[in-house]
Amino acid sequence: MNIRVGSGHDTHRLAENRPLILGGVVIPHTKGLVGHSDADAVLHAVTDALLGAAGLGDIGDAYPDTDAQWKNADSKFFLTETLKRLNQLGWKPVNLDVTVFAQEPKLGPVKAAIKDSLAHLLSLSADRINVKAKTGEKVGHIGRGEAIGCHAVVLIEQA
C-alpha cells in the first residue's frame, strides 16, 4: 500500500463584523476571522495538509492571496478542488486529525458539526475524522482572543 502523511497549519486574526467559519460551519460569535478569502482556518489547514501529503506545495501556491479571484472565496472550494487534484493523481484521504486553537468561543458544542462537515467534504465516514479544540490558556495571540489557529494531519493512500 502506498501511503503518505501531510501536515497543515493556519492562523487568522479575529475582528468584529466578520463571520466566524470553521470547517465550513458558521459559528455564532461576536468576531470572525480576517483573510483574503473567508479565512476558514480549519479548511485552510486541511487543504494545506492534503497538498503537502501529495507533494503539491501549499495553499499559498495553489490559491495565492495576491490573486483577486480568491477574494472572499468560500474555502470549501479550495478543499474540493484540491481533492479533485489528488484524485486525478490516484490519491484519496484515509483519515484526518484536526486541532483548533481558540480561546473563544468555546468550540466543544460545535466540534461534532465541524467533524460532520469535514466528513462530508472529504467523502469519509465520521469515524475517520477527529476534531479537537484547545485554548491558548490566555497566552499569546490565541490566548488573548486575537486569533484562531488550526493544525491538521492527514493520511492519504493511492487508490
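The dialogue that follows walks through several features of a predicted model.

Reader: How many aromatic pairs does a search of the whole structure find, and by what is a pair of rings described?

Author: A pair of aromatic rings is described by the distance between the centres and the angle between the planes. Searching the whole structure gives four aromatic pairs. In one of them the ring centres of Tyr-63 and Phe-78 lie 4.6 Å apart with planes at 25 degrees, and because planes under 30 degrees apart count as stacked, this pair is stacked. Tyr-63 sits in the loop between helix H2 (59-62) and helix H3 (75-88), while Phe-78 belongs to helix H3, so the pair links distant parts of the chain, 15 residues apart.

Reader: Are Tyr-63 and Phe-78 buried or exposed?

Author: Tyr-63 has 10% relative accessibility and counts as buried, and Phe-78, at 3%, counts as buried as well. Phe-78 also forms an aromatic pair with Trp-70, and here the arrangement is edge-to-face, with 5.5 Å from centre to centre and 80 degrees between the planes. Trp-70 is buried, as is Phe-78. Through ring pairs, Tyr-63, Trp-70, Phe-77 and Phe-78 are linked into a cluster.

Reader: Turning to the nonpolar core, which residues of the largest one touch the most other members?

Author: In soluble globular proteins, nonpolar side chains tend to be buried together. The largest nonpolar core in this model has 39 residues, and those touching the most other members are Leu-22, Val-46, Leu-50, Leu-96, Val-98 and Leu-118. At least two residues of this core come from each of strand S2 (20-22), strand S3 (25-27), helix H1 (41-53), H3, strand S5 (91-101), helix H4 (111-122), strand S6 (129-134) and strand S7 (147-158). The element that gives the most to this core is H1, with eight residues.

Reader: Which peptide bond is cis, and which residues other than glycine have a positive phi?

Author: The bond from Glu-104 to Pro-105 is cis, with omega near -5 degrees, and Pro-105 is located in the loop between S5 and H4. As for phi, Ser-123 has a positive value near 55 degrees although it is a residue other than glycine; Ser-123 lies in the loop between H4 and S6 and is exposed, with a relative accessible area of 67%. Lys-138, not a glycine either, has a positive phi of about 65 degrees; Lys-138 is found in the loop between S6 and helix H5 (140-143) and is exposed, with a relative accessible area of 66%.

Reader: Where is Asp-38, and what is the nearest side chain of opposite charge?

Author: Asp-38 is placed in the loop between strand S4 (31-33) and H1. Asp-38 is buried yet has no salt bridge, since the nearest side chain of opposite charge, that of Arg-18, is 6.7 Å away, whereas a salt bridge needs nitrogen and oxygen within 4 Å. A polar atom of the Asp-38 side chain does, however, lie 3.1 Å from the backbone nitrogen of Asp-40. Beyond residues up to four places away in sequence, Asp-38 touches Arg-18, Ile-21, Leu-33, His-44, Asn-72, Ala-73, Asp-74 and Ser-75.

Reader: How many salt bridges does the count come to, and which parts of the chain do they link?

Author: The count comes to four salt bridges. In one of them, the side chains of Glu-157 and Lys-92 meet at 3.5 Å, N to O, and the pair links distant parts of the chain, with Glu-157 in strand S7 and Lys-92 in strand S5, 65 residues apart. Glu-157 counts as buried at 15% relative accessibility, whereas Lys-92, at 38%, counts as partly exposed. Another salt bridge joins Asp-97 and Lys-132, whose closest N and O atoms are 2.6 Å apart; because Asp-97 lies in strand S5 and Lys-132 in strand S6, this pair ties together parts that are 35 residues apart in sequence. Glu-146 and Arg-144 also form a salt bridge, with the closest N and O atoms 2.9 Å apart; Glu-146 is partly exposed at 36%, and Arg-144 is exposed at 53%.

Methods
Residues numbered from 1 in each chain as written. Predicted model: local features only at pLDDT ≥ 70, side-chain atom pairs only at ≥ 80, totals over all residues. Heavy atoms only, no water. Phe/Tyr/Trp six-rings, centres within 6.5 Å; stacked < 30°, edge-to-face > 60°. Helix = DSSP H or I, 4+ residues; strand = E, 2+ residues; numbered from the N terminus. Buried < 20%, exposed > 50% of the residue type's maximum accessible area, 1.4 Å probe, protein only. Core = buried A, V, L, I, M, F, W, Y, C linked by side-chain atoms within 4.5 Å. Lys, Arg positive; Asp, Glu negative; His and termini not counted. Polar contact = N/O pair within 3.5 Å; in protein donor to acceptor, adjacent residues only side chain to side chain. Contact = heavy atoms within 4.5 Å.
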